[in-house]
Amino acid sequence: MVNYIEASSAPSKNTGAIRLYGPEAFEGMRKACQLTARCLDELAAVVRPGLPTDAIDRFVFEFGMDNGAIPATLNYRGYTKSTCTSINHVVCHGIPDAKPLREGDIVNIDVTYVVDGWHGDSSRMYPVGTIKRAAERLLEVTYESLLRGITAVRPGARTGAIGEAIQTYAEAERCSVVRDFCGHGVGALFHDSPNILHYGRASEGPELREGMIFTIEPMINLGRPHVKVLADGWTAVTRDRSLSAQYEHTVGVTAGGCEIFTLSPGGLDRPGLPSLNR
């Protein structure tokens with residue numbers, strides 16, 4: 001049985017109940033998420049061949065400090081970086097290091113800032129220099145998968161409708177959906193209920209209700225969906241070493257559908273790719 005709780009009376013831990021937030025919380029999330037979106041916008045001019053991912057991590061940390069925000073990943077469960085940088089066949093949770101980006105790489109940069117107690121969580125893919133058409137197509141399919149998942153969000157639908165929309169599209173494009181990781185509730189907590197699967201059936205999962213806030217963050221592979229986690233305990237890679245991509249938005253369920261909190265203020269939701277007219 002799924003339990004829902006008014007966020008204002010919820011304990012400060014994940015109990016499995018789904019929090020329903022009010023207007024003040026939505027305003028707090030707008031502030032946190034727009035700071036994250038601004039950082040991701042500025043990174044579009046930073047990412048280039050030869051740049052170590054440690055430099056991206058420093059940029060994210062300093063941008064947060066300059067704007068009164070704390071990176072949520074820093075010291076989270078032993079993680080020592082301010083962002084995750086996932087390159088090529090790395091599915092998620094890649095750890096920034098001194099290794100430079102190379103021409104033709106694709107890299108996901110995942111940023112979450114905490115502003116006044118609210119968590120703004122988003123990620124984008126960045127082409128490094130000129131990339132191959134297969135990589136560009138994967139980015140296009142992954143971003144479209146995210147949009148289709150978001151379109152499924154409305155009160156009365158179930159979380160499975162998000163997954164079905166993503167899976168149906170991605171697999172029709174001859175790509176696969178990673179099953180091992182999912183979206184999640186977010187807001188006053190970094191990771192909260194419910195889990196948002198990126199596959200499934202529209203009839204499955206908790207009912208979406210006004211006031212819910214969560215991430216949608218499909219990870220789409222060019223090859224098979226299987227992944228493994230490396231010995232560092234964080235870095236997840238495709239088992240067949242095929243390219244993987246991910247885009248992520250934080251959304252809130254509204255009476256008429258949903259609000260996307262992490263939209264790019266500069267129209268850079270898919271950096272390096274042509275803008276979509278929607």
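Mentor: Gladly! Let's start with a loop: Arg77 lies between strand E3 (70-71) and strand E4 (84-87). Keep in mind that this is a predicted model.

Trainee: Is Arg77 buried or exposed, and how do I tell?

Mentor: Look at the relative accessible area: over 50% counts as exposed, and under 20% counts as buried. Arg77 has 70% relative accessibility, so this residue is exposed.

Trainee: What is the phi of Arg77?

Mentor: Here is the general idea before the case: most residues other than glycine have a negative phi. Arg77 is not a glycine, yet its phi is positive, near 50 degrees.

Trainee: Which value does phi take at Asp116?

Mentor: Phi of Asp116 is near 55 degrees, again a positive value in a residue other than glycine. You will find Asp116 in the loop between E6 and strand E7 (118-127). Its relative accessibility is 60%, so Asp116 counts as exposed.

Trainee: What about the peptide bonds themselves? Where should I look for a cis one?

Mentor: As a rule, most peptide bonds are trans. In this chain, a cis peptide bond joins Ser193 and Pro194, with omega at about 5 degrees. Pro194 is part of strand E10 (residues 192-196).

Trainee: Now salt bridges, please. How many does the structure hold?

Mentor: The idea is to look for a side-chain nitrogen of Lys or Arg within 4 Å of a carboxyl oxygen of Asp or Glu. The structure holds eleven such salt bridges. One of them is between Arg30 and Glu27, at 2.8 Å from N to O.

Trainee: Where do Arg30 and Glu27 sit in relation to each other?

Mentor: Both are in helix H1 (residues 23-43), and because they are three residues apart there, about one helical turn separates them. As for the surface, Arg30 is partly exposed at 29% relative accessibility, and Glu27 is partly exposed too, with a relative accessible area of 47%.

Trainee: Which residue does Arg30 meet in a salt bridge with an N to O distance of 2.6 Å?

Mentor: That partner is Glu259. This pair links distant parts of the chain, since Arg30 is in helix H1 while Glu259 is in strand E17 (residues 257-260), 229 residues apart. Glu259 is partly exposed, at 21% relative accessibility.

Trainee: And which residue does Glu173 pair with?

Mentor: Glu173 forms a salt bridge with Arg137, and their closest N and O atoms are 3.5 Å apart. Glu173 counts as partly exposed, with 26% relative accessibility. Elsewhere, salt bridges that share partners join Glu27, Arg30 and Glu259 into one network.

Trainee: Which residues form the nonpolar patch?

Mentor: Phe61, Met65 and Ile70 do, and together they have about 270 Å² of accessible area. Phe61 belongs to helix H2 (residues 53-66) and is partly exposed at 32% relative accessibility.

Trainee: Is Gly149 buried or exposed?

Mentor: Gly149 has 0% relative accessibility, so this residue counts as buried. You can find Gly149 in helix H3. Gly149 and Gly160 are eleven residues apart in sequence, and their C-alpha atoms are 9.7 Å apart in space.

Trainee: Finally, what does the UniProt record say about residues 27-255?

Mentor: An unreviewed UniProt entry annotates residues 27-255 as "domain: Peptidase M24". Over those residues, the chain is 28% helix and 27% strand, with the end C-alpha atoms 16 Å apart.

Technical notes. Residues numbered from 1 in each chain as written. Predicted model: local features only at pLDDT ≥ 70, side-chain atom pairs only at ≥ 80, totals over all residues. Heavy atoms only, no water. UniProt positions renumbered as here; feature names shortened; annotations may be inferred. Helix = DSSP H or I, 4+ residues; strand = E, 2+ residues; numbered from the N terminus. Buried < 20%, exposed > 50% of the residue type's maximum accessible area, 1.4 Å probe, protein only. Patch = residues over 30% accessible without salt bridge, like charges linked within 9 Å, V, L, I, M, F, W, Y side chains within 5 Å. Areas by Shrake-Rupley, 256 points an atom, 1.4 Å probe, with all protein chains shown as cover.
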